[in-house]
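Me: I would like to learn how to read a structure like this one. Could you walk me through it, one feature at a time?

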Amino acid sequence: MIKTRHTFWGRHFWGNYFLHIIGRHFRSVPVEIPELDSQRPLIALGNHYSWWDGFLVYYLNHYYWKRKLHIMMLEEELEKRKFLRSAGAFSVKKSSRSVVLTIRYVHELLKSAENVVALFPQGKIESMHAGSIRFEKGVIRILDQNPHAQVLFFVSLTDYGSNPKETLSVFHQLGDYTSAKTFEDQYNDFYRACLDRVIDVLPASETSSPLKK
């Protein structure tokens, strides 16, 4: 497997680049997020709807999660773009014995409360309008082996409304892991509830987009 290789220059470059490109492409990024426990490591589980997802995860971590970021990528994709290791990427190779190494690596990362591991549980890009998300077995094994970690669901959805630039809305909800089936159902209930919502202006109690500042 390929491990993350954080560097000072990598954090500086990717931080500026990702935040710039998100701000340039989207009209705003309204975000709803609950209070997180800073004393526990974090697993962030999100829907994988486009190639923007990696950029978004960096954005969310910079402004909201505020941890040392690690993002799981398919090994064949990271092999082509190893420079993304400095942005927090590490690899998984599905249907191979090396999956065990990836799961062990994640377990080591989650021993520290300063870390967040971002996963896309469906393991592939699917339409944001899909009725449900099916979790890969490897994600379930990670959850099983790290009951001490805080789990945060996030769902990202885009909408143009009456504007030429998209609004990217991101919803968060804390997850309560008890079993694989109930947890997948829990995420999908949250996912479908997000699909039913349309955000124009967030209430004052919710978090506004840094792009509007």
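Reply: Happy to. Let's begin with burial: a residue is buried under 20% relative accessible area, exposed over 50%, and partly exposed in between, using a 1.4 Å probe and protein chains only. Keep in mind that this is a predicted model, where local features need pLDDT of at least 70, side-chain atom pairs count only at pLDDT 80 or more, and totals for chains, interfaces and linings use all residues. Residues are numbered from 1 along each chain as its sequence is written, and side-chain values use heavy atoms, with hydrogens and water left out.

Me: Is T4 buried or exposed?

Reply: T4 counts as buried, because its relative accessibility is 14%. It sits in the segment before α1 (8-25).

Me: What does T4 touch?

Reply: Contact means heavy atoms within 4.5 Å. Not counting residues up to four places away in sequence, T4 touches H70, R85, G88, A89, F90 and Y105. There is also a polar contact to look for, meaning a pair of N or O atoms within 3.5 Å; within protein, one must be able to donate a hydrogen and the other to accept it, and residues adjacent in sequence count only if both atoms are side-chain atoms. Here the T4 side chain reaches the backbone oxygen of G88 at 3.0 Å.

Me: How many helices and strands does the chain have?

Reply: Helices (H or I, at least four residues) and strands (E, at least two) are DSSP runs, numbered from the N terminus. This chain has six helices and seven strands, and their order from the N terminus is α-β-β-α-β-α-β-α-β-α-β-β-α.

Me: Which residues does L78 contact?

Reply: L78 belongs to helix α3 (residues 75-80) and counts as buried because its relative accessibility is 0%. Beyond its neighbours within four places in sequence, its contacts are I2, M73, L84, R85, A89, F90 and S91.

Me: Where does the side chain of N115 reach?

Reply: It reaches the backbone oxygen of L109 at 2.8 Å. N115 lies in strand β5 (residues 115-119) and is buried, with a relative accessibility of 6%. Leaving aside neighbours within four places, N115 is in contact with P41, L42, R67, K68, H70 and L109.

Me: Is R141 buried or partly exposed?

Reply: R141, in helix α5 (residues 137-145), is partly exposed at 37% relative accessibility. Setting aside neighbours within four places in sequence, it contacts V99, V100 and I103. The C-alpha atoms of R141 and I103 are 7.5 Å apart, although 38 residues separate them along the chain.

Me: What should I look for in backbone angles?

Reply: Most residues other than glycine have a negative phi. K66 has a positive phi of about 55° although it is not a glycine. This residue lies in the loop between α2 (53-65) and β3 (68-74), and K66 is exposed, with a relative accessible area of 58%.
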